[in-house]
Structures are given as C-alpha cells and as structure tokens.
Amino acid sequence: MCPVPARSGAAPRQASLAELGRPLSDLTFVVVDLETTGGSPATSEITEIGAVKVRGGQVLGEMSSLVRASTPIPAVVSVLTGITDSMLATAPTLDEVVPTFLEFSRGAVLVAHNAAFDLGFLRAAAQACGYPVPAWEHLDTVLIARRVVTRDEAPNCRLASLATLFGSPTEPNHRALADARATVAVLHGLFERLGNLGVTTLEDVREYSARVSPAQRRKRHLADDLTTGPGVYVFRDGTDRPLYVGTSRSVRSRVRTYFTASEPRSRMAQMVALAERVDAIGCAHALEAEVRELRLIAEHKPPFNRRSRHPERAVYLRLTEEPFPRLSRVRSVGDGVTYLGPFGSTQAAQEAEIALLAAVPLRQCSTRLSPSRPTAACALAELGRCGAPCDGRQGVAEYAEVVGAAREAMSGDPGAVQETLEAHIARLAAEQRYEQAAEVRDRLAGYLRTAARRQRLAALTGIPEMVAAAPTAEAGWDLSVIRHGRLVSAATVARGVDPRPWVDAVVSTAETVRPVPGPTPCALVEETERIGRWLAAPGVRLVRLEGEWSWPAQGAIRAALRYAT
C-alpha cells in the first residue's frame with residue numbers, strides 16, 4: 001500500500017481525555033448510598049438517599065433525604081435500617097427527591113459500594129420520574145477493594161470491614177448518609193494505595209488489576225510515544241523479533257492496557273514479560289489498520305498471535321482436470337478450475353464433499369480413468385451411487401452432464417445440494433431420527449456458507465478498481481481504493497473538506513497490483529473478506545467502480561441466509 005497523507009484539512013490530532021488520562025485529584029466524585037424496601041428495583045422502592053460530593057480529598061457538599069414509599073416497609077428491613085413507616089409518612093416523594101439528586105450529581109463520577117445495586121435503583125427512579133437516564137461514569141469501591149485489599153488486612157470487602165481498615169470517622173450503620181460518608185473514607189484510602197502503585201487517573205483505576213505484576217506495570221512507558229489514532233502495534237523482544245501484532249482505533253490507549261488492565265489471557269502476560277519495544281504504524285482509518293495487521297501476522301507469524309498466522313493452510317475442493325473429473329482436496333487452486341472454498345480445515349472440506357456427492361453422483365475413486373481403457377467397477381456403481389465411467393457404462397459426454405451439475409453447485413446455484421439434503425432432513429425427521437437430521441442440517445449450512453463465501457470473494461476480486469467512502473463520526477470521510485480485492489490506498493478527509501481532490505490523490509498514489517492465478521489474486525482471503533464487510537457497513541458509498549460488482553441472483557448467498565445462526 002503506497003503511503004498517502006492519512007488525514008487532510010485538519011491540524012494534528014489532539015489526544016482525547018480518555019487517552020491522556022484524567023487525574024483523580026481534578027475530578028469531582030459523588031459518593032452515594034441508598035436504603036430500599038428490598039433488593040430489586042422492579043419490586044422495591046427507595047426509602048433514603050445519602051450522597052457526599054468530594055474533590056481532591058475535600059468534601060464539597062452533602063445531600064440526604066428520606067423518600068416516601070407507596071408500600072409498607074418489611075419488618076426485617078426496618079430492623080436493619082431503623083427506618084419506619086411513620087418516619088416516611090411526611091417525607092418527600094420520589095418525584096421531589098430525584099431532581100435534587102440529579103442536579104447534585106451533574107457532571108460528577110458516581111461512587112458506590114456495590115454500585116450495581118445503587119445504580120440500578122437510581123436508573124429506575126430517573127425513568128419512573130420521566131427523566132432521561134444519565135450515562136453516569138461510576139466506580140465501585142467493592143471491585144477496587146478486591147484488587148487492592150488482601151485477606152490478611154480485612155476478612156472481606158464489606159463496607160464495615162473496609163471502613164475499619166481505613167480508619168473512617170463515620171461508622172456505617174445502614175443509613176444512607178452515614179454509609180456514604182464511610183464510603184468516602186474507603187474511597188480515599190483506596191486512592192492512596194493506588195497512587196503508590198502509579199495509578200493516578202480515572203482510566204488507570206478502571207484498568208488496574210492486581211493480576212498485573214510490578215514488572216509488567218513498569219513497562220507502561222513503552223506506550224508513551226505511540227500514536228493516539230487508529231493503527232497497528234507490534235510488540236518486539238530484545239532481538240527485534242515480532243511477538244504479537246494487534247490493531248486499535250487508539251493505539252496508545254490499547255497498548256497501555258497490556259500493562260495496567262486485567263488480562264485474562266495468561267499468554268499475554270508472558271508476551272509482555274518478553275517485550276522490550278512496541279512499534280506502531282499509524283493508519284488513515286480502521287480498515288487500513290485491520291488490513292495491515294493481517295499482512296503483518298501472515299508475514300511474521302508472531303508466536304503470540306493465534307489467528308490468521310497460516311493463511312496458506314486453507315483447504316479447497318476442486319474438480320480435477322481429466323476426462324472423468326473427480327473432487328480433490330487441495331491447498332491452492334489456479335485459474336480456469338472449478339473449486340469450492342476456502343475451508344478452515346480438512347474436516348470442513350470433507351463435510352462439504354459429502355454434501356455435494358449426496359446430490360451429484362461424481363465418481364469417488366482416485367484412479368485416473370481413460371475412455372479407451374475400461375476398468376472394473378467399484379461397489380458404489382453396484383449401489384447406484386456412481387454412473388460407472390470406469391467400465392464404460394457412462395461415456396465422456398454423459399459424465400460431462402454430471403460434472404456440469406457439480407460445477408453449477410460449486411460456483412453458481414447450489415439448489416441441487418440444498419434440495420437433496422433438505423429432503424434427507426425431512427425423511428430423518430419423519431422417522432424421529434433428530435440427531436442425524438441435525439447433522440445433515442449442519443452439513444448443508446456449512447456447504448452453503450462456504451459457497452456464499454466463494455461468491456462474495458469472486459465478486460470483489462473480479463473488480464479492477466473500486467473507490468469507496470465511509471462516513472466518520474466527525475462528519476468526514478474514510479476513503480479506500482480497492483483493486484482485485486486488495487486495499488491499495490487509504491485516506492481520511494476531514495469535515496468540511498472537498499473529498500473529490502483527495503479521491504484523485506489516493507487513486508494516483510495507490511499501489512499497483514499484478515493479479516496471480518487463484519481465488520484471491522492480489523490479497524489474503526481474510527483481507528478481501530474484511531473489505532467486503534466494510535463495504536457492507538451502513539453509509540458506505542461507491543465513488544468509482546471499474547467493472548461490475550454483483551453476484552448471482554440464485555446463488556448461494558441468499559440460500560445461506562436461511563441457515564444463518
């Protein structure tokens with residue numbers, strides 16, 4: 001792909017707050033606690049709201065109010081909280097309290113102990129009062145404490161235990177304001193510990209996990225100078241060997257997560273331990289990043305990438321070139337041959353072969369037959385599953401009709417395979433052999449998916465040149481030039497800039513391609529498929545098209561939709 005300016009008409013991109021990180025000391029937090037009549041917002045009501053607003057370790061304000069409930073408080077709840085029906089008789093209603101809380105918490109990050117509980121009730125309350133549900137940023141002190149506090153320090157992560165550990169001046173007592181004040185002390189205690197570990201921003205807190213070793217965390221500086229836009233990143237070891245290739249819409253923030261986030265894949269921790277450098281390749285847009293990632297993985301085969309490392313291992317079914325063709329499983333195909341694929345495994349190719357042979361009686365023997373030298377027929381001929389071209393019962397012309405039906409089912413309309421297997425499924429179901437019917441259904445679905453995949457690939461690889469544009473979130477355009485299914489140039493045009501000169505620029509600087517024989521003459525199969533998905537996204541427009549982009553009206557694509565899962 002020839003280099004072109006990634007963006008036009010705009011100043012260098014400024015990193016977002018999420019990429020730079022927002023210091024905890026600059027943020028306003030509203031620590032909230034609720035008392036309710038039960039555990040579910042669908043069947044229970046709020047009876048008390050308590051909230052404390054803090055910034056930089058200082059209390060800015062407090063809010064507390066009882067809330068009148070429409071149903072009696074269960075006795076067990078009254079015993080736990082000390083709130084009675086008589087206390088709520090003159091309390092304000094939910095309609096009166098919710099607006100006050102929404103204004104009190106506006107623009108702040110909500111904090112709660114077991115935040116899922118409190119936020120669930122608050123969202124339900126806002127909706128019940130006719131207010132749009134705010135998209136609150138929030139932190140959960142329970143989750144943070146589980147990552148920071150050890151069992152030696154506290155027996156559990158309940159609020160009372162943590163308040164004691166961090167020396168809260170207020171003892172939690174199942175009343176909203178007191179519990180909110182205790183949660184403030186716990187929050188500040190947790191922040192102090194996280195600060196000693198280099199976790200100083202809201203983004204760091206969210207990403208922090210005790211699973212990340214200090215050695216990994218010390219490598220965070222490897223992400224400091226990386227691009228903040230879309231691109232590809234490559235982890236390398238001390239010998240410059242690529243360890244892992246990935247892609248992201250924001251390379252710097254994504255790479256940082258390998259050193260700060262909870263990474264469930266143990267192999268990623270091993271990879272980071274070996275990494276000494278991270279290289280980044282800035283890209284015009286996400287599609288270019290995805291394509292470059294695929295190419296780098298296929299070229300270098302990094303040990304810590306699992307997918308896309310061996311595109312050469314794809315399997316195809318092809319018709320052999322001889323007087324009496326048969327099906328053959330191969331790793332590559334050339335021009336002028338009829339094939340089906342690619343398949344991800346030999347087993348998948350074998351299942352498709354069984355499906356095709358059930359509908360079209362191609363010969364299944366591996367012997368090379370000659371029209372002038374008959375040989376003995378096999379058992380399949382005696383069973384009526386082969387026309388026996390081997391012993392002369394089926395001549396070249398008659399067998400050519402069978403081969404023609406196979407070619408149509410593989411590259412055109414798979415109706416013969418679909419009708420045969422659907423009839424077989426119906427017979428098995430009528431005999432209550434449901435497991436076998438399901439196996440045949442899955443075999444048919446796999447065949448149709450692969451036939452549809454082949455047709456989509458053929459449609460794209462047959463186009464000499466295509467220019468397409470996708471709208472961006474910033475009201476600009478992502479431009480892509482595609483030749484024979486390969487991305488050869490890319491650019492992003494900013495909002496308000498005339499894209500027409502940029503279309504001419506990306507076309508004139510695009511990579512020149514020379515198609516080679518095969519189903520994907522200029523690109524990896526996965527690259528062409530990624531391009532196809534990008535073209536099918538909402539809002540994508542064709543700017544230029546040389547040739548024709550279509551697939552058969554009666555082809556496999558429509559049939560495959562019936563079995564889509």
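I began with helix H17 (residues 415-430) and helix H18 (residues 434-461), and I found that they pack at an angle of about 165°, their axes lying 8 Å apart. I keep in mind throughout that this is a predicted model. Since angles over 145 degrees count as roughly antiparallel, I noted H17 and H18 as therefore roughly antiparallel to each other. I then looked up the handedness of the crossing of H17 and H18, which is left-handed.

Next I listed who makes the contact: from H17 the residues include Val 417, Leu 421, Ile 425 and Leu 428, while from H18 they include Tyr 434, Ala 437, Val 440, Leu 444 and Tyr 447. Sorted by class, the contact of H17 with H18 has 10 nonpolar, 3 polar and 2 charged residues.

I turned to the sheet, where 3 strands form an open arrangement in the order S8-S7-S9 with antiparallel pairing. Which strands stand at the edges? I found strand S8 (242-248) and strand S9 (277-282) there, each with a single partner strand, so one side of each is left without a neighbour in the sheet. On average, neighbouring strands of this sheet are turned by 20° against each other, direction ignored.

I followed the pairing of strand S7 (residues 231-236) with S8, and 6 bridges join these antiparallel strands; in one of them, Tyr 233 has Gly 246 in S8 as its bridge partner.

Last, I checked the helices against the sheet. Helix H11 (residues 251-260) packs on it, touching S7, S8 and S9, and the direction of H11 makes about 35° with that of S7. Helix H13 (residues 286-300) lies across S7, S8 and S9, and I noted that H13 runs at about 165° to S8.

Terms used:
Residues numbered from 1 in each chain as written. Predicted model: local features only at pLDDT ≥ 70, side-chain atom pairs only at ≥ 80, totals over all residues. Heavy atoms only, no water. Axes fitted to C-alpha atoms, helices over the stretch in contact; angles between N-to-C directions. Helix = DSSP H or I, 4+ residues; strand = E, 2+ residues; numbered from the N terminus. Parallel < 35°, antiparallel > 145°, perpendicular 65-115°, else oblique. Left-handed = near helix turned anticlockwise from the far one by under 90°. Contact = heavy atoms within 4.5 Å. Nonpolar A, V, L, I, M, F, W, Y, C, P; charged D, E, K, R; others polar. Pairing = 2+ DSSP bridges.
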